[in-house]
Amino acid sequence: MAESRPMPRLFLVRHGETEWSQNGRHTGLTDIPLTERGVEQVKKISKALVGDGLVIEPKNLCTVQVSPRQRARKTFELLFEHLGKLPDHVLTEDVQEWNYGDYEGLKPAEIKKLNPTWKIWYDGCPGGESVEQMQARVDKVISKKYKEEGIHTRDVLIVAHGHFNRVLISRWINFPLCLGTHFNVEPGSLAILSYNHNSLDEPALNALNLAAVIN
């Protein structure tokens, strides 16, 4: 009888702080670096959570997807810097941030002056991605059956962005996209998604904002 494989886990990391995330500007396709504080945020979680015997063990990773934006790429590199080797990975627009279109670079108060009733979770972004487009992109990422695809490994790592991660968490557990508004995803934080009862039909949120408990 074939040995039962452990259930896969999806590690979802938001990039560290940037100048725009610190001051509340919507940062989609704009390619800006981490702040010094953002670098330290990631270094802090990397040493506590990444390595042999820790939460994220490189030997267990079967798939690693990283947003092409430099804030995500740098976060990924910092996560494994202390180990001296990066795991195999792909840079993919599939996990890029929500395309904010006409609202790129604007603060919420500035957007409200243009459209007082605007809510991204219901209205999407004019000139960027609609709610339907964002959901379709995230659902495509989720649709892969990593349990079947991985060989001798169990885990998936995605390094991405605030709104993307909130949408993915909501859709992973079969909630409407709009309920992503209720998940707070801090810069330089880790969420863990998996399944209950060894069943791919029971997706679950196992942990959120682990960085918040690391001093």
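At 58% relative accessibility, Lys59 is exposed. Glu57 sits at 16%, so Glu57 counts as buried. (Buried means under 20% relative accessible area, exposed over 50%, and partly exposed in between, with a 1.4 Å probe and protein chains only.) The two side chains form a salt bridge, 3.8 Å from N to O. (A salt bridge is a side-chain nitrogen of Lys or Arg within 4 Å of a carboxyl oxygen of Asp or Glu.)

This is a predicted model, where local features need pLDDT of at least 70, side-chain atom pairs count only at pLDDT 80 or more, and totals for chains, interfaces and linings use all residues. Residues are numbered from 1 along each chain as its sequence is written, and side-chain values use heavy atoms, with hydrogens and water left out.

## Other salt bridges

The whole structure holds 9 salt bridges. One of them joins Asp155 to Arg9, with the closest N and O atoms 2.8 Å apart. Asp155 lies in strand β4 (residues 155-160) and Arg9 in strand β1, so the pair ties together parts 146 residues apart in sequence. (Helices, H or I with at least four residues, and strands, E with at least two, are DSSP runs numbered from the N terminus.) Both Asp155 and Arg9 are buried. A network of salt bridges links Arg9, Arg154 and Asp155.

Arg171 and Asp139 form another salt bridge, at 2.9 Å from N to O. Arg171 belongs to helix α8 (residues 162-172) and Asp139 to helix α6 (residues 131-142), so this pair ties together parts 32 residues apart in sequence. Asp139 is partly exposed, with a relative accessible area of 25%.

## Strand β4

In β4, 6 of the 6 residues are buried, so the strand is largely enclosed by the rest of the structure. In a regular strand, side chains alternate between the two faces of the sheet. Asp155, Leu157 and Val159 point one way from β4. Val156, Ile158 and Ala160 point the other way.

β4 pairs with β1 in the parallel sense, over 6 bridges. (Two strands pair if DSSP finds at least two bridges between them.) Arg14 stands opposite Ala160 of β4. Strand β2 (residues 61-66) also runs parallel to β4, joined by 5 bridges. There, Gln65 stands opposite Ile158.

## Helix α8

For α8, 11 of the 11 residues are buried, so the helix is largely enclosed by the rest of the structure. Among them are Phe164, Leu168, Arg171 and Trp172. The buried residues pack against β1, α5, α6, β4, β5 and β6 (203-207). (Contact means heavy atoms within 4.5 Å.) Asn174 follows α8, and its phi is positive, near 65 degrees.

## Cavity and pocket

There is 1 cavity of 30 Å³ or more. The largest cavity holds about 30 Å³ of space. (On a 1 Å grid over the protein atoms alone, a cavity is a set of points where a 1.4 Å probe fits but cannot get out; a pocket is an open set with protein on both sides within 12 Å along at least five of seven lines; lining residues have an atom within 4 Å of a point. Grid points are joined across faces, edges and corners, and a volume is the space filled by probe spheres set on the points.) The cavity lining includes Leu12, Arg14, Asn165 and Ser189. β1 (9-14) and β5 (190-195) each supply at least two lining residues. The lining divides into 5 nonpolar, 3 polar and 1 charged. (Ala, Val, Leu, Ile, Met, Phe, Trp, Tyr, Cys and Pro count as nonpolar, Asp, Glu, Lys and Arg as charged, and the others, Gly among them, as polar.)

The largest pocket has a volume of about 460 Å³. It is lined by 23 residues, and the closest to its centre are Gly24, His26, Tyr100, His163 and Arg166. α1 (19-23), α4 (108-114), α5 (120-123) and α8 each supply at least two lining residues. This lining divides into 8 nonpolar, 8 polar and 7 charged.

## Thr30

Thr30 is found in the loop between α1 and α2 (36-49). At 24% relative accessibility, Thr30 is partly exposed. Leaving aside neighbours within four places in sequence, Thr30 is in contact with Trp20, Arg69, Arg71 and Glu104. The C-alpha atoms of Thr30 and Asn209 are separated by 24 Å, with the two residues 179 apart along the chain.
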